[in-house]
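Subject: Structure for your review: salt bridges

Dear colleague,

Please find below the structure that I am handing over to you. I would be grateful if you could read the notes under it with the coordinates open.

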Amino acid sequence: MTVRDAVGAALDALAAAGCETPRLDAEILIADALRVDRGALLADPDMAVPGSAARLIGERVRRRVAREPVAYILGRKGFRRIELLVDRRVLIPRPETELLVEVALELPVGADVHDVGTGSGAVALALRDERPDLVVHASDASSPAVEVARMNAARLSLPLDVRVARGLAPGSPGMVLANLPYVREDEWASLQPEILRYEPREALVGGVDGLDAIRELVGGAPSGTRMALEHAPGQAKAVRELLHESETRRDLAGHERVTLGLVR
Ligand SMILES: C[S@@+](CC[C@H](N)C(=O)[O-])C[C@H]1O[C@@H](n2cnc3c(N)ncnc32)[C@H](O)[C@@H]1O
């Protein structure tokens with residue numbers, strides 16, 4: 001079998017399964033199995049695919065046909081300058097969450113930040129990587145997620161204090177950054193199969209209006225705490241009203257995505 005055959009077969013199977021980006025997914029999975037970059041597949045479509053790689057590709061394509069996300073199949077996801085190990089214990093970090101990191105990059109030298117609901121550790125570890133002067137803490141209500149964040153911190157050699165805690169861990173100083181669950185209960189069943197079948201529901205769903213975890217965090221934080229909260233575009237007004245001196249920033253797609261403000 002050649003690369004051309006493998007890409008063609010995978011493309012057909014993934015397109016038939018309803019994957020949104022079948023060619024991209026096929027190329028990523030096949031290039032990784034062959035330990036080459038995607039450009040090499042295009043440059044040499046007649047390259048032979050050894051039997052062991054063909055078996056791995058077959059297994060990966062079957063998983064993707066069942067709509068498992070590419071990041072879980074590969075076990076990793078890029079976020080800003082770092083690569084995080086991800087599995088079904090944690091949400092796959094999303095590009096729009098990079099805005100939370102950008103907000104924190106504006107902090108003065110040596111400031112304290114706390115990433116609440118850290119999941120894989122994406123926000124906290126990207127900050128440890130890009131702003132070693134900041135004092136970064138992280139926590140998550142899920143102990144399996146905290147295990148993943150700790151594993152990522154160790155693998156990236158970015159020491160990080162990560163605790164299991166619901167809402168704001170006691171005695172957490174500084175600015176709070178949080179990408180907590182914000183999907184509405186009634187939205188859950190209509191999400192893509194990649195999310196619905198594979199990602200942890202408790203990382204995504206935030207009650208009837210999606211804002212339960214955000215309200216709990218704000219309600220439990222000391223007055224005057226500065227926060228930057230990620231939310232869905234349609235929740236911006238409600239989140240602004242939870243805080244004092246609030247303002248909302250837009251993500252790269254132009255959607256209202258992160259609201260900053262002070263706890264009343
Ligand atoms: C949307 S995921 C975001 C994960 C990570 N911050 C990211 O952006 O990739 C939300 C995370 O918040 C955690 N979580 C949910 N409710 C929480 C709460 N009340 N307090 C702390 N963490 C919570 C979940 O376990 C999950 O890891």
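The notes that follow concern charged side chains and their pairing.

Please bear in mind that this is a predicted model. Side chains of opposite charge can pair when their charged atoms come close. In this structure, 32 salt bridges were found.

One of them joins R64 to D25, with 2.9 Å between the closest N and O atoms. This pair connects distant parts of the chain, as R64 lies in helix α4 (residues 51–65) and D25 in helix α2 (residues 22–34), 39 residues apart. R64 has a relative accessible area of 5% and is therefore buried, the cut-off being under 20%. D25 is likewise buried, at 5% relative accessibility.

R80, located in the loop between β1 (76–79) and β2 (82–85), takes part in two of the contacts described here. With E98 it forms a salt bridge at 3.8 Å, N to O. E98 belongs to helix α6 (residues 98–105), 18 residues from R80. Both partners are partly exposed: E98 has a relative accessible area of 22%, and R80 one of 27%.

R80 also forms a salt bridge with E130, where the closest N and O atoms are 2.6 Å apart. Here too distant parts of the chain are linked, since E130 sits in helix α7 (residues 122–130), 50 residues from R80.

Finally, a network of salt bridges links D32, R60, R76, E83 and R155.

Yours sincerely

How values were computed: Residues are numbered from 1 along each chain as its sequence is written. This is a predicted model: local features need pLDDT of at least 70, side-chain atom pairs count only at pLDDT 80 or more; totals for chains, interfaces and linings use all residues. Side-chain values use heavy atoms; hydrogens and water are left out. A salt bridge is a side-chain nitrogen of Lys or Arg within 4 Å of a carboxyl oxygen of Asp or Glu. Helices (H or I, at least four residues) and strands (E, at least two) are DSSP runs, numbered from the N terminus. Buried means under 20% relative accessible area, exposed over 50%, partly exposed in between (1.4 Å probe, protein chains only).
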